[in-house]
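Please look over the structure below before reading these comments. They are meant for someone new to reading protein models.

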Amino acid sequence: DSQVSTATVSKVFRGTFVHSTQQDALVVLEDTLLGVDSNGKISFVERGQELENVSAKFGFKCDVTQLSPHEFFMPGLVDTHIHASQYSYAGTALDLPLLQWLTTYTFPVESQYTDLEFARRVYTQVVKRTLRNGTTTACYFATIHTDASLLLAQIANDFGQRALVGKVCMDRNGALEQYKEGTQESLDETSRFIRELLKRKYLLVKPVMTPRFAVSCSGELLLKLSEIAKNNNLHIQSHISETKEEVKLVKQLFPDLETYTDVYNEHNLLTNKTIMAHGCHLSDKELELFHKKGTSLAHCPNSNISLCSGLLDVRKVLSHKVKLGLGTDVAGGYSASMLDAVRRARDTSKALSIMDPTRVPLTFEETFRLATLGGSQALSMDGQTGNFEVGKDFDALRVNVAVPDGPIDLVQYDGPKILLEKFLNTGDDRNILEVYVAGRKVVPIE
Ligand code: GUN
Ligand code: FE
């Protein structure tokens, strides 16, 4: 499966690579040579070959980096839903249900992003922390503030993280004088945000249309935002069916529409580049519409449990062939690490299985796929990222399960599949030696 690229091979790694494909949740490639070209794309993946043969075939002279037996490469983690602006209070304020949590904690904090120095501090921290924990792609909510949202885009770009960045739109139910927009203001500022961000021509950072959720947005705003998204071929993100109380409120706000999903659909917001967070309380009929529209879900298990919102049945979502990724949903979720999202996704599926033993829990291989290829598919980026197929960008973590003073004690060597399982369940950023995005080493920060 080699497709010769014209760009020169600039990095070659030798060792074990683990990744997912559409067919297999876990593929282990031992004794493999992987080349990355000067554009950051994977130029070859050759298993069980002599170095001389591979270097002759692909014509490279660069050094080969040999991994140790306790190391492997895996695809970068994809956080499909994270509020960068809420990172300042992550790990606190988890004592209220969603709607009260928003007005009590979230809106007052988000209103502070008129202060660009505060924004710079928090946004630098969240980009560094998530990269350090292996998030090579993040789909961010910022705040309603255009300039601070542009700053988040700049910081992600500077640190080399692949990102979608959304200026939040909300023209009603802000419940705070200092944190809401007029409808026209929201449209004008969104247009300015998109124009300014596209003008910068960042390779890895793009704008995403971000109506906060149906509770915060008038029908007029939803409709006009969908037009702007369509005209610019943008991704769209929002929240849906996170809590039962919210579903009821949306029904009151849009009495003519049958379901929450219909509200977004009627306003042309369900596209094959739309990602909706949570979806805990979606019906089969709504999931069918998601499938029909090619719209994705971001499963945010830490947040769903921390705010007592609900338990998403991932198997039900997948049975409808709806694209699904994992999200941290900081700060509704208290951890910014996607390893935590992997663990909480497994716990949620096991809790569902405890309540109903006919439900089969997700395997670690399946949660691994959701956190990598699944997330990439959910963000419609799987032509470019998500696994180690030749021609894709090299977004990868170099993992060492046996680092000195690390969190994992290995009594014996059981092979790469067990190493991956141990890392996913008990590892942390100490085990992540290096992070690459589009072939560039972004961790350790140089
Ligand atoms: N729904 C609308 N806004 C938010 C938010 O900031 N966090 C979460 N978890 N849900 C939301
Ligand atoms: Fe959220």
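The points below go from the whole chain to its strands, the ligand shell and a few backbone details.

1. Basis of the model. This is a predicted model, in which local features need pLDDT of at least 70 and side-chain atom pairs count only at pLDDT 80 or more, while totals for chains, interfaces and linings use all residues. Residues are numbered from 1 along each chain as its sequence is written, and chains are lettered from A and ligands numbered from 1 in the order in which they are written.

2. Overall make-up. The protein chain has 14 helices and 17 strands. Its radius of gyration is 22 Å, close to the 22 Å that the globule rule gives for 446 residues, so the chain is as compact as a globular protein of that length. Here the radius of gyration is taken over C-alpha atoms, and the globule rule is 2.2 Å times the number of residues to the power 0.38. Helices (H or I, at least four residues) and strands (E, at least two) are DSSP runs, numbered from the N terminus.

3. Extent and packing. Along the principal axes, the C-alpha atoms of the protein chain fill a box of roughly 65 × 55 × 40 Å. Of the 446 residues, 51% count as buried. A residue is buried if 20 or more other C-beta atoms lie within 10 Å of its own, exposed if 12 or fewer, and partly exposed in between, with C-beta atoms placed from the backbone. Among contacts with a separation of 6 or more, 75% come from residues 24 or more positions apart; two residues are in contact if their C-beta atoms, placed from the backbone, lie within 7 Å.

4. The parallel strands around strand 13. Strand 12 (residues 274–278) pairs with strand 13 (residues 296–299) in the parallel sense over three bridges; two strands pair if DSSP finds at least two bridges between them. From strand 12 the chain passes through helix 9 (residues 284–293) to strand 13, a β-α-β crossover that is right-handed. That term applies if, with the strands pointing away from the viewer, the path from the first strand over the helix to the second runs clockwise. Strand 13 is also joined by three bridges to strand 14 (residues 324–326), and these two run parallel. Ala298 stands opposite Ala277 and also opposite Gly325 in strand 14.

5. Side chains of strand 13. In a regular strand the side chains alternate between the two faces of the sheet. Ser296 and Ala298 point one way from strand 13, Leu297 and His299 point the other way, and all are buried.

6. The antiparallel strands near the end of the numbering. Strand 15 (residues 396–400) and strand 16 (residues 432–437) run antiparallel and are joined by four bridges, with Arg398 partnered by Glu434. Three bridges join strand 16 to strand 17 (residues 440–443), again antiparallel, and Val435 has Val443 as its bridge partner. Strands 16 and 17 form a hairpin with two residues between them, and Ala438 in the turn has a positive phi of about 50 degrees.

7. The shell around ligand 1. Which residues are around ligand 1? They are His83, Leu98, Leu102, Thr106, Arg212, Phe213, His239, Glu242, Ser303, Asp329 and Gly332; a residue counts as near if its C-beta atom, placed from the backbone, lies within 6 Å. Helix 2 (residues 98–110) gives the most, with three residues. The shell divides into three nonpolar, five polar and three charged residues. Ala, Val, Leu, Ile, Met, Phe, Trp, Tyr, Cys and Pro count as nonpolar, Asp, Glu, Lys and Arg as charged, and the others, Gly among them, as polar.

8. Cis peptide bonds. Most residues other than glycine have a negative phi, and most peptide bonds are trans. Val330 and Ala331 are joined by a cis bond with omega of about 5 degrees, and Ala331 is in the loop between strand 14 and helix 12 (338–355). The bond from Val443 to Pro444 is also cis, with omega near -5 degrees. Pro444 lies in the segment after strand 17 and counts as exposed, because it has 10 C-beta neighbours inside 10 Å.

9. Positive phi values. Asp31, in strand 2 (residues 27–37), has phi near 45 degrees. With 12 C-beta neighbours inside 10 Å, Asp31 counts as exposed. Ala93 has phi near 60 degrees and sits in the loop between strand 6 (77–83) and helix 2. Ala93 is partly exposed, with 18 other C-beta atoms within 10 Å.
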